[in-house]
Amino acid sequence: VAMEQVRWLPADLGNRFVFINQPAFMAYYHNEGKEDFGMKVVIGSKANQTYFFQDEIQTVEFNPYWGVPQSIIINEMLPKLRNDPSYLDRLGYEVSVNGRPVSSSSVNWYGSTQSVSVRQPPSSDNALGDLKILFPNAHAIYMHDTPAKSFFNRDMRALSHGCIRLVDPRRMAAAVLGTSLDNVNKQIAAGENRAVQVPAKIPVYVAYFTAWPDKDGKVQYFDDVYDRDSYVVKAFDATTKARASSI
């Protein structure tokens, strides 16, 4: 199955890239053709799966705002807001209706939320932590910090809404920006929301391999957290049967 899935990636991953293996719950930074470092990640839960795709890292955003997705507003916030309309005001979230800032207590939370947007300003409690690393894609997935550090102590780390949380986001940000950790720390300490373009776009592979070699070439095996391998096996079987019937 893994050898089939390798065909879904370029033959040459590049000289410098980030490789995320979801079943391993790990992200690896490669530079000059070799693995520089790896770190623990949290990926999407089974209900909010992270996709298998590739893109290019373009931006690091320091002290980010978190724009709350409609799915979270509806499924997680709405029940609380119907009991307590001032819920978001008390937590410091910014609410707007058709682009006009309002208090959460003034919104009719029993109506449609399509015209309502909610965002969380930069803070120590921000769901994205101190920074996020962006590679614009159709899935709205990116890497970011998190205040929920305890999740990294778990063996099974499929716990997010789909984005990739990094245990050491500052190190990854310094690597993709080609700068020092001190510089990253200064950008965060300034407290300002600021986006910085990476000097050169870096490929990022958000992959899914239950078998993958480590940097020494030894194959490691991981649990199929999303039960995806079985679908590839079914495709093998269907292809084999189709070929046999055509003979």
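Reply: Before the pairing of strands is discussed, one term is needed: two strands pair if DSSP finds at least two bridges between them. The model shown here is a predicted one. With that cut-off in mind, β5 and β8 count as paired because the required number is at least two bridges, and two bridges join β5 to β8, which run antiparallel.

Me: Which residue of β8 is the bridge partner of W66?

Reply: W66 falls within the strand β5, which covers 66-67. This strand is joined to β8 by two bridges in the antiparallel sense. In β8, the residue that forms the bridge with W66 is Q120.

Me: In what order do the four strands of the open sheet lie, and which are its edge strands?

Reply: The sheet is open, and its four strands pair in the antiparallel sense in the order β5-β8-β6-β7. An edge strand pairs on one side only, and in this sheet that describes β5 and β7.

Me: How many helices and strands are there in the chain, and what share of its residues is buried?

Reply: The chain holds six helices and 15 strands, and its C-alpha trace spans about 70 × 50 × 30 Å along the principal axes. Of the contacts with a separation of 6 or more, 64% are accounted for by residues 24 or more positions apart. Among the 247 residues of the chain, the buried ones make up 43%.

Me: Why is β1 described as largely enclosed by the rest of the structure?

Reply: From β1, the residues F17, F19 and N21 point one way, while V18 and I20 point the other way, and all are buried. The strand is therefore largely enclosed by the rest of the structure, because the number of its residues that are buried is five of the five.

Me: Which strands pair with β1, β2 in one sense and which strand in the parallel sense?

Reply: With β2, the strand β1 runs antiparallel over five bridges, and F17 stands opposite H30 there. The two form a hairpin with four residues between them, and F25 in the turn has a positive phi of about 55 degrees. In the parallel sense, over four bridges, β1 pairs with a strand of residues 194-207, where I20 has V206 as its bridge partner; that strand is β13.

Me: Is A24 buried or exposed?

Reply: A24 is found in the loop between β1 and β2, and leaving aside residues up to four places away in sequence, it touches R157 and F222. A24 and D224 are 200 residues apart in sequence, yet their C-alpha atoms are 9.4 Å apart in space. The relative accessibility of A24 is 12%, and because buried means under 20%, A24 counts as buried.

Me: What is the relative accessibility of S104?

Reply: S104 is found in the loop between β7 and β8. Not counting residues up to four places away in sequence, S104 touches L81, P85, S86, Y87, L88, D89, V95 and W109. S104 counts as buried because its relative accessibility is 0%.

Me: Is Q5 buried or exposed?

Reply: Q5 is found in helix α1, which covers residues 2-6. Apart from residues up to four places away in sequence, Q5 touches F52, Y208, F209, D229 and V232. Because its relative accessibility is 3%, Q5 counts as buried.

Me: How many residues of helix α4 are buried?

Reply: Helix α4 runs over residues 169-177 and is mostly covered. Its buried residues are P169, M172, A173, A174, A175, V176 and L177, and just after the helix G178 takes a positive phi of about 65 degrees. Of the nine residues of α4, the number buried is seven.

Me: How many residues does the largest nonpolar core have?

Reply: The residues with the most contacts inside this core are V18, I57, I133, M143, L166 and M172, and the largest share of the core, six residues, comes from α4. Apart from it lies another core of 20 residues, which includes L78, V95, V116 and C163. The number of residues in the largest nonpolar core is 37.

Conventions: Residues are numbered from 1 along each chain as its sequence is written. This is a predicted model: local features need pLDDT of at least 70, side-chain atom pairs count only at pLDDT 80 or more; totals for chains, interfaces and linings use all residues. Side-chain values use heavy atoms; hydrogens and water are left out. Buried means under 20% relative accessible area, exposed over 50%, partly exposed in between (1.4 Å probe, protein chains only). Contact means heavy atoms within 4.5 Å. A nonpolar core is a set of buried Ala, Val, Leu, Ile, Met, Phe, Trp, Tyr and Cys residues joined through side-chain atoms within 4.5 Å.
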